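Let's take a friendly walk through this chain, from its overall contacts down to its cores. Please keep the viewer open as you read.

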Amino acid sequence: AIAEDRSSRQAAAEDYREELAFHIGTLAYVYGYPIVDLTAQMHAQTHAMEQGQQILAPVNHFSHSEQLVTPSTQAGLRAPNNDTLYFRGWFDLSEGPVVLHTPDTHGRYYMMAVTNFFAEVQHLSRRTMGTKEQEYALVGPGWDGTLPKELTPVIVDTRHVWILGRLLVRG
């Protein structure tokens, strides 16, 4: 009876360890997947990968769509959009803050989704910041300094950041 009890406890402990390993693995995947995915996207959009590549710009620069996105030109975007032009850029904050200038859009809708590599998003947009000319400083982790008063800090928890922006167009 003692051997049988010990055997059932060992089996229960093995089941527990297996279940714990599964949960830890799931948490690691959920934590790490955005970092891996965004790193791959960054490489694919900052390096020439194919002839006629739709999205290509060096780090710390924007690429701009000059036409509205259609189903055949969406190039990895979620969906076509019939009234906004897209722009996007990958930024490296490891050497210090990067200044981002937004012009006065005179009430025109714009939006910039500032995404860290944990896939957490901050929105700079007409709704959140207004449409007057502004300057922001994208500030990465570990930076210790003083920004000029005219810069609005945007704190980012990773050294790289992706910005996906949209600007309303008419006609």
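Of the contacts in the chain between residues at least 6 apart in sequence, 62% join residues at least 24 apart; contact here means heavy atoms within 4.5 Å. This is a predicted model, in which local features need pLDDT of at least 70 and side-chain atom pairs count only at pLDDT 80 or more, while totals for chains, interfaces and linings use all residues. Residues are numbered from 1 along each chain as its sequence is written, and side-chain values use heavy atoms, leaving out hydrogens and water.

The chain has two helices and eight strands, in the order α-β-β-β-β-β-α-β-β-β. With a radius of gyration of 23 Å, well over the 16 Å that the globule rule gives for 171 residues, the chain is more spread out than a compact globule. (The radius is taken over C-alpha atoms, and the rule is 2.2 Å times the number of residues to the power 0.38.) The C-alpha trace spans about 80 × 45 × 30 Å along its principal axes. Buried residues make up 33% of the 171 residues, where buried means under 20% relative accessible area with a 1.4 Å probe, protein chains only.

Now to helix α1, which covers residues 2–46 and reaches 65 Å from first C-alpha to last. At Gly32 α1 bends by about 35°, and Pro34 follows within four residues; the bend is the angle between axes fitted to the seven residues ending there and the seven starting there. Both Gly32 and Pro34 are among the buried residues of α1, as are Leu38 and Met42. Their cover includes β2, β4 and β8.

| Residue | Contacts include |
|---|---|
| Ser63 | Ile55, Leu56, Tyr86, Phe87 |
| Val161 | Gly89, Trp90, Val114, Leu138 |

Ser63 lies in strand β1 (residues 61–64) and counts as buried because its relative accessibility is 8%.

Which residues touch the most other members of the largest nonpolar core? Among them are Met112, Val114, Leu138 and Val161, in a core of 15 residues. Such a core is a set of buried Ala, Val, Leu, Ile, Met, Phe, Trp, Tyr and Cys residues joined through side-chain atoms within 4.5 Å. Strands β2, β3, β4, β6 and β8 each supply at least two residues, and β4 gives the most, with three. A second, separate core of eight residues includes Val69, Tyr86, Trp90 and Leu164.

Key
The expected span of a helix is 1.5 Å times one less than its number of residues. Buried means under 20% relative accessible area, exposed over 50%, partly exposed in between (1.4 Å probe, protein chains only). Lists of a residue's contacts leave out its neighbours within four places in sequence.
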